[in-house]
Amino acid sequence: MNLLHRTFTYELPTEIAFGMNVVNELPQWIAKLKGTRVFVISDPGVEQAGILAKVLDPLAKADITVQTFTDVDREPDVKTITTATEVAKSFGADIVIGVGGGSAQDAAKAVAVMVNNEGKITDYAGLDKLPNPGVPIICIPTTSGTGSEVTIWTVISEKDSNRKFGIGGKFLAPTLALCDPMLTVSLPGPMTAATGIDALTHALESFVNKATQPISEALSRESMRLIAKSLRKAVAQGDNLESRYDMLLASTIAAMAFNPTRLGLAHALCMPLGGKFKVPHGIANAILLPQVMEFNLVGNLEKFKEIAEIFGENTEGLTLREAAELSVKAIKKLNQDVGIPAGFAEYGVTEEDLDYIANEGMESGNVLVNPRKPTLEDLKEIVRKSI
Ligand SMILES: [Fe+2]
């Protein structure tokens, strides 16, 4: 494409505070946002690991009125959001804080808008369907993967129908992302691996897709560089602070990359795999990614060559096609090194489920921006190779 004809926009409604121990500055941020009644949403795992206390302690010291809600399930259900919204309303919340991985943060974003909107959150599935803005949202990530702290999206499950919904728009963008790598230090190795590959999938799918643009590309490159440098070490040595810093930064900027571009086939297919088969989001992406890359390769050989080089492959003397293929090899090696399961069989996925997964995956908006247009049969083949 002639670059002179390439126009794009980039907007980030979220302010970011990033660094070791920035969580201690939370009271000042709440004051800046004029919060007086603070509703904190988290999940039982984050609470039991003692991480929630690290967020609540500075609030207690500053005498801030807080109500906590820690009953958030993995892949939060629409009923959980309705219940939490009722509690937040009766408390009179004027600011909502989400502390956790994608689930707690997505729940917080949903509750913050539902305080000022009627019905249930899934009534607003899609982009920009919410009529009213919510109360200010602060997201505090405790994993390095989802990037929910800077995205305009929340993903909510409807367990009765085994479906997951994306609700997006400016009102769902956190007001502040408070990113403290110290909160990720106790994250176990397998979770570090799964969430880290989720971040990689964000950076990579945005980088190669049809909707990418120069600012997203720059963010994706830097995110992939950080992941190539630090994911193995963060998994192998959880207390290595430099790799934790790198991984949280990689995750946040990968989400900044995909906010305006959307993603690709891995994220399209991991919705039904998460909804019906309960495959954790990061694991689903990690297992699918090499097969999705193999399929997409011909749609953007130059970009896949660049990915191979970012991940340390030597492409000298190779044809463009050969060099691009090395990117798939590099990601397979990374998956192996960080202990990603080999396939979906252990989650009960069989050949008989291919139709369902492919049909549901095809519904995703991420298919439209994928660098190669897939048929239903292509999607089935990608999942078949991933079982
Ligand atoms: Fe993701």
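**View 1. Valine 40 has isoleucine 97 as its bridge partner in strand E4.** The model is predicted: local features require pLDDT of at least 70, side-chain atom pairs count only at pLDDT 80 or more, and totals for chains, interfaces and linings use all residues. Residues are numbered from 1 along each chain as its sequence is written, and side-chain values use heavy atoms, with hydrogens and water left out. Strand E2 (residues 37-41) pairs with E4 in the parallel sense over 4 bridges. Strands (E, at least two residues) and helices (H or I, at least four) are DSSP runs numbered from the N terminus, and two strands pair if DSSP finds at least two bridges between them. E4 is also joined to strand E6 (residues 137-141), in parallel, by 5 bridges. In E6, isoleucine 138 is the bridge partner of isoleucine 97.

**View 2. Both faces of E4 are covered.** Ile95, Ile97 and Val99 are buried on one side, and Val96, Gly98 and Gly100 are buried on the other. Buried means under 20% relative accessible area, exposed over 50%, and partly exposed in between (1.4 Å probe, protein chains only). Because 6 of the 6 residues of E4 (residues 95-100) are buried, the strand is largely enclosed by the rest of the structure.

**View 3. The iron ion is coordinated by Asp198 (OD), His202 (NE2), His267 (NE2) and His281 (NE2).** Donors are N, O and S atoms within 2.8 Å of the metal (3.2 Å for Na, K and Ca); water is not among the atoms, so sites may look incomplete. The angles among the 4 donor atoms run from 89 to 168°, and the site is irregular. Four donors count as tetrahedral if all angles lie between 85 and 135 degrees; four count as square planar and six as octahedral if opposite donors are over 155 degrees apart and all others between 65 and 115; anything else is irregular. The donor residues follow the spacing D-x3-H-x64-H-x13-H in sequence. Histidine 202 lies in helix H6 (residues 189-208) and histidine 267 in helix H9 (residues 265-275), so the pair ties together parts that are 65 residues apart in sequence. Histidine 202 and histidine 267 are both buried.

**View 4. Leu200, Leu273 and Leu288 touch the most other members of the largest nonpolar core, which has 67 residues.** A nonpolar core is a set of buried Ala, Val, Leu, Ile, Met, Phe, Trp, Tyr and Cys residues joined through side-chain atoms within 4.5 Å. Apart from neighbours within four places in sequence, leucine 200 is in contact (heavy atoms within 4.5 Å) with Met224, Ile227, Leu289, Phe311, Ile331 and Leu334. A second, separate core of 29 residues includes Phe69, Phe91, Ala93 and Val135.

**View 5. Threonine 14 sits in the segment before strand E1 (15-18).** Threonine 14 is buried, with a relative accessible area of 5%. A polar atom of its side chain lies 2.6 Å from the backbone oxygen of proline 174. Beyond residues up to four places away in sequence, threonine 14 touches Glu149, Val150, Ala173, Pro174, Thr175, Leu176 and Ala177.

**View 6. Glutamate 75 is not a glycine, yet has a positive phi of about 55°.** Glutamate 75 is placed in the loop between strand E3 (65-69) and helix H4 (78-91). The relative accessibility of glutamate 75 is 15%, which counts as buried.

Conventions. A polar contact is a pair of N or O atoms within 3.5 Å; within protein, one must be able to donate a hydrogen and the other to accept it, and residues adjacent in sequence count only if both atoms are side-chain atoms.
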